[in-house]
Amino acid sequence: MISVCIDDGRIASFKWCRYLYKIGVRATIYINPESVSRFEFLNKYHIGKIRNDWKHLIANHLYRHSDCPANAISMSDIITSYNDTKKWLVDNAFTGGEEYLSIPFGRLGGRWSNAMISELLDHCKQVRNVSTYGLTDIDKTNHLYSVCDNVADILHGIRTFGKREDKVFTLTLHGNNFTSDDNFLCIANVLEEYKDYVKTVDVY
Ligand SMILES: [Zn+2]
């Protein structure tokens with residue numbers, strides 16, 4: 001199985017979400033409310049269109065992208081950030097994925113420990129983490145591992161693991177700062193072949 005994620009709510013997400021909808025692929029879009037409507041980020045109209053017209057799931061990436069231990073943010077403040085984001089998503093009718101959390105890594109590598117992730121799992125349905133291979137056992141998807149941005153690893157992962165029923169291969173994109181549209185189209189082209197195996201995080 002395959003999970004397709006786009007983090008951070010950058011404006012590239014808008015055209016990518018439209019394209020994925022047209023080829024029958026549903027993605028999970030992780031939003032920081034603090035970034036919404038900023039220059040080169042999605043606004044509420046875009047997010048509504050992505051959710052309501054193109055049927056992607058809108059999920060929780062904490063309130064600010066800098067809300068991670070590497071920036072000396074305490075766990076109680078991180079849990080507040082999670083709850084504030086959940087409330088923002090519900091108040092704006094972007095419901096469905098508000099309890100699915102992608103932990104942000106800021107600019108300093110995140111520094112999330114397993115103990116912190118366990119604590120977050122007391123509050124969330126799922127925490128999405130990062131890893132080199134992007135693989136999670138299907139019976140352990142409350143702590144989902146994802147490979148980020150590397151096009152060669154993403155294409156290899158889809159082809160190698162995409163049809164396995166005992167694993168979820170998860171890929172995450174962030175925007176044109178990491179992935180060109182040409183590379184996105186290469187990924188989308190392969191996803192279209194595997195679309196029967198693509199699930200959003202709310203169906204495991
Ligand atoms: Zn992020």
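Which residue stands opposite leucine 171 in strand 8? Valine 147 does. The model is predicted.

**Strand 8: side-chain directions**
- Lys167, Phe169, Leu171 and Leu173 point one way from strand 8.
- Val168, Thr170 and Thr172 point the other way.
- Residues on both sides are buried, the lysine and the threonines included.

**Strand 8: pairing partners**
- Strand 6 (residues 135-137) pairs with strand 8 in the antiparallel sense, over 3 bridges.
- Here aspartate 137 faces lysine 167 as its opposite residue.
- Strand 7 (residues 143-148) pairs with strand 8 in the parallel sense, over 2 bridges.
- From strand 7 the chain passes through helix 5 (residues 151-161) to strand 8, a β-α-β crossover that is right-handed.

**Nonpolar core**
- The largest nonpolar core holds 43 residues.
- Val4, Cys17, Ala27, Ile29, Ile58 and Ala59 touch the most other members.
- Helix 1 (residues 12-22) gives the most to this core, with 5 residues.
- Leaving aside residues up to four places away in sequence, valine 4 touches Val25, Ala27, Leu171, Leu191 and Val198.
- One of these contacts, Leu171, is the strand 8 residue that stands opposite valine 147.

Terms used. Residues are numbered from 1 along each chain as its sequence is written. This is a predicted model: local features need pLDDT of at least 70, side-chain atom pairs count only at pLDDT 80 or more; totals for chains, interfaces and linings use all residues. A residue is buried if 20 or more other C-beta atoms lie within 10 Å of its own, exposed if 12 or fewer, and partly exposed in between; C-beta atoms are placed from the backbone. Helices (H or I, at least four residues) and strands (E, at least two) are DSSP runs, numbered from the N terminus. Two strands pair if DSSP finds at least two bridges between them. A crossover is right-handed if, with the strands pointing away from the viewer, the path from the first strand over the helix to the second runs clockwise. A nonpolar core is a set of buried Ala, Val, Leu, Ile, Met, Phe, Trp, Tyr and Cys residues joined through C-beta atoms within 7 Å. Two residues are in contact if their C-beta atoms, placed from the backbone, lie within 7 Å.
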